[in-house]
Amino acid sequence: MRIEQLELRELAMRLRFRFETSFGVEQDRRIVLVTVRGEAGEGIAECVAGEFPGYGYETRDTAWGVIRDFVAPLVLGRDYATPHQLVRDLGSLRGHNMAVAAVEMAFWELQARSLGVPLWHLLGGVRTAVPVGVSIGIQPSLEATVEQARVHLDQGYRRVKLKIKPGWDVAPVRAVREAFPDADLTVDANSAYRLVDAPTLRLLDAFDLAYIEQPLAHDDLVDHAALQARLDTSICLDESIHSAEDARKGLQIGAGRVINVKVGRVRGYAAARRLHDVAVSFGAPVWCGGMLESGVGRAHNLQLSTLEGFVLPGDTSSASRYWDEDIVEPLLDAVDGVQSVPPGAGIGVRLKTDLVERLTVRAEVMTAAKGSARP
Ligand code: OSB
Ligand code: MG
């Protein structure tokens with residue numbers, strides 16, 4: 001399939017809640033959508049690079065520039081039989097995984113649509129319903145934290161993840177655990193601790209957490225292994241894992257026992273699938289993380305979550321939790337903590353084009369040179 005056109009679009013959207021983590025606060029989001037067009041139609045994906053380089057180094061602007069200046073010239077006018085050929089062509093670009101992933105994911109969507117099948121068929125998924133949890137930002141008080149946990153557990157969510165940071169860790173976890181003795185509870189530090197904080201993190205062992213997500217540095221595996229040896233609770237790696245090879249190394253040295261997979265962070269579906277296979281071979285459970293995506297990104301996350309090894313609830317909670325009005329139909333809302341994978345071809349959702357037009361603050365289209373026959 002020849003790639004005729006790439007379109008970049010930036011949308012301004014406002015979350016229904018203020019989301020505070022150890023690395024910052026967000027509510028006004030800028031969503032970057034990437035559309036890949038060919039003779040057979042189009043495929044779409046969301047680039048998950050943030051507004052601010054607090055989770056990873058990429059931002060919407062670095063991703064935009066990398067796609068326009070480096071990815072587009074490599075893929076426009078090329079004829080790919082499979083997404084793997086496109087991945088190979090982008091192998092010369094170092095880093096910028098979220099930028100590369102967005103184009104790769106849009107091409108998978110295009111391919112699935114042109115074949116008339118859901119994308120998960122091409123990935124080798126095994127389920128059509130995905131259990132999901134929620135990620136709850138740092139709240140102004142313990143009472144508010146317990147209340148947020150209550151609201152979401154009442155809605156049927158299968159797991160509650162609390163964001164923590166130094167000074168906001170044992171107390172909120174104790175409060176929520178006391179209120180909900182049987183809840184599936186986890187925490188996410190987004191790299192806010194150092195190995196010297198091990199005594200504090202060990203206090204969390206008392207609360208029967210399913211895992212502690214990314215306690216140490218974003219680029220570390222070695223100290224995580226030292227910490228894991230001192231904890232009963234499993235460590236789940238997020239920021240530190242950028243590839244299947246990272247996962248192999250992390251699991252091999254015992255840096256954690258669980259992995260949060262985000263397609264954007266690891267450079268696309270081909271890499272996410274390999275990472276998943278590595279984790280399964282180690283007997284390590286994985287789950288699908290979220291990046292406060294619009295319906296486009298979350299529809300993609302659901303496709304990935306259908307793979308066999310995704311045995312823990314993911315962060316793909318309801319559209320109506322994030323947005324007053326999401327940009328896709330059908331609306332991806334969880335029922336009793338389970339998201340059904342929409343049955344349609346590709347990612348199974350359609351853009352609300354009028355709404356997308358209204359939310360757009362920037363757009364750029366790149367087209368293959370006419371008649372350029374590139375193999
Ligand atoms: O660490 O998983 C994370 C959001 C933005 C950046 C990083 C993370 C998160 C979340 C929210 O935890 C997950 C979601 O609801 O999309
Ligand atoms: Mg995380």
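How many cavities of 30 Å³ or more does the structure hold? The count is 2. Keep in mind that this is a predicted model. As for volume, the largest cavity comes to about 90 Å³. Its lining is made up of 15 residues, and those closest to its centre are Val48, Met105, Gly264, Glu293 and Asn301.

Now to the ligand. Where does ligand 1 sit? You will find ligand 1 in the largest pocket. Around ligand 1 there are 16 residues, and the closest are Ser135, Asn190, Lys262, Leu292 and Tyr322. Sorted by class, that shell contains 7 charged, 6 nonpolar and 3 polar residues.

Which domains supply the shell around ligand 1? Domain 1, which covers 3-116 + 351-367, gives at least three residues, and domain 2, covering 122-346, also gives at least three.

Next, the polar contacts, each of which involves an oxygen atom of ligand 1. Leucine 292, already listed among the closest residues, has a polar backbone atom 2.8 Å from an oxygen atom of ligand 1. With aspartate 188 the side chain takes part: one of its polar atoms lies 3.0 Å from an oxygen atom of ligand 1.

How much of ligand 1 does the protein bury? Taken alone, ligand 1 exposes 390 Å², and the protein buries 98% of that.

That is what I had for today.

Notes: Residues numbered from 1 in each chain as written. Chains lettered and ligands numbered in written order. Predicted model: local features only at pLDDT ≥ 70, side-chain atom pairs only at ≥ 80, totals over all residues. Heavy atoms only, no water. Near = heavy atom within 4 Å. Polar contact = N/O pair within 3.5 Å; in protein donor to acceptor, adjacent residues only side chain to side chain. Areas by Shrake-Rupley, 256 points an atom, 1.4 Å probe, with all protein chains shown as cover. 1 Å grid on protein atoms, 1.4 Å probe; cavity = no way out; pocket = protein on both sides within 12 Å on 5 of 7 lines; lining within 4 Å. Sits in = over half its atoms within 2 Å of the grid points. Nonpolar A, V, L, I, M, F, W, Y, C, P; charged D, E, K, R; others polar. Domains from an automatic or database assignment. Points joined across faces, edges and corners; volume = space filled by probe spheres on them.
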